[in-house]
Amino acid sequence: FVVLRAWHAIGIGQSDIGWRILGLIVGLLIVLAAWFNARLLGYRAPVLVIALLGLNPEITRWGDSMRAYGLGILLLLLLFSTVWKVVERPTRWRVLLAMLVGVLSVQCLYYNSVVLLCVASAGAIVCAFSRRWRDAVLVLLIGLPAALSMIPYARAIRQVNEWSSLVRINFTFARFWELLSVVLAATHPLMVYCWLLVVIFT
């Protein structure tokens with residue numbers, strides 16, 4: 001909401017084309033963030049990520065829309081890179097930057113808190129394997145400010161249980177596979193198996 005209000009305040013977000021420009025910018029920033037992460041990890045180009053983005057119209061449909069999905073994806077990509085820099089060599093500024101990105105990420109999309117937990121845990125495991133126990137704890141603490149920033153929403157989240165039974169879905173692996181297939185097969189049904197082969201052989 002801050003981004004949308006700021007875009008409207010500067011005068012661009014007062015027409016349909018203005019909002020479409022914002023969606024385009026977010027989409028391009030996602031590509032740039034993927035490229036930045038690839039170079040950070042020692043790859044020349046994020047070939048698989050760009051292919052997934054280019055061959056999946058759902059990314060453009062939802063990521064570039066006036067919803068939080070695109071910005072949430074962008075912040076998640078930045079979260080990966082900032083946490084990795086802390087794992088490599090923790091400094092005060094790297095930790096603070098990772099914490100800031102973590103807070104922005106969960107405030108943009110609440111479900112990003114689950115991904116943040118996974119990323120921080122993975123980083124801590126990498127440090128633990130190197131017997132860098134202090135760094136492992138430090139990486140886990142990256143998620144603390146984000147967790148604290150969610151406290152104001154705790155009551156609203158608890159109240160969801162009062163009515164969620166009306167729309168509750170039993171989440172099973174079959175349901176997960178069904179939804180994943182819908183996304184991956186947006187261009188052609190065979191794309192699901194193409195991406196499975198990519199995962200198996202990489």
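Predicted model: local features only at pLDDT ≥ 70, side-chain atom pairs only at ≥ 80, totals over all residues.
Visitor: What makes H2 roughly antiparallel to H3?
Guide: Their axes come within 9 Å and cross at roughly 160°. Axes are lines fitted to C-alpha atoms, for helices over the stretch in contact, with angles from 0 to 180 degrees between N-to-C directions. Under 35 degrees counts as roughly parallel, over 145 as roughly antiparallel, 65 to 115 as roughly perpendicular and the rest as oblique. H2 is therefore roughly antiparallel to H3.

Visitor: Which residues meet between H2 and H3?
Guide: H2 brings Ile 30, Val 31, Ala 34 and Trp 35. H3 brings Val 49, Ile 50 and Leu 53. Contact means heavy atoms within 4.5 Å. By class this contact has 7 nonpolar, no polar and no charged residues. Ala, Val, Leu, Ile, Met, Phe, Trp, Tyr, Cys and Pro count as nonpolar, Asp, Glu, Lys and Arg as charged, and the others, Gly among them, as polar.

Visitor: Why are H2 and H5 called roughly parallel?
Guide: They pack at about 20°, with axes 9 Å apart. That angle makes the pair roughly parallel. H2 passes H5 in a left-handed crossing. Val 26, Leu 29 and Phe 36 of H2 are among the contact residues, as are Gly 70, Ile 73 and Trp 84 of H5. The contact divides into 14 nonpolar, 3 polar and 1 charged residues.

Visitor: What makes H6 roughly antiparallel to H7?
Guide: The two axes come within 8 Å and cross at roughly 150°. H6 is therefore roughly antiparallel to H7. Gly 102, Ser 105 and Val 106 of H6 touch Asn 112, Ser 113 and Leu 116 of H7. The count here is 2 nonpolar, 4 polar and no charged.

Visitor: How many helices and strands does the chain have?
Guide: There are 12 helices and 0 strands. Helices (H or I, at least four residues) and strands (E, at least two) are DSSP runs, numbered from the N terminus.

Visitor: How much space lies in the largest pocket, and what lines it?
Guide: The largest pocket holds about 1,800 Å³. A pocket is an open set of points on a 1 Å grid over the protein atoms alone, where a 1.4 Å probe fits, with protein on both sides within 12 Å along at least five of seven lines; lining residues have an atom within 4 Å of a point. The lining has 34 residues, with Tyr 69, Ile 73, Leu 76, Leu 109 and Asn 112 nearest the centre. By class they are 29 nonpolar, 4 polar and 1 charged. H2, H3, H5 and H7 are among the helices that each supply at least two.

Visitor: Which helix gives the largest share of the second largest pocket's lining?
Guide: H5 does, with 4 residues. The second largest pocket is about 650 Å³. Its 20 lining residues include Phe 1, Val 2 and Cys 108.

Note on methods: Residues numbered from 1 in each chain as written. Heavy atoms only, no water. Points joined across faces, edges and corners; volume = space filled by probe spheres on them. Left-handed = near helix turned anticlockwise from the far one by under 90°.
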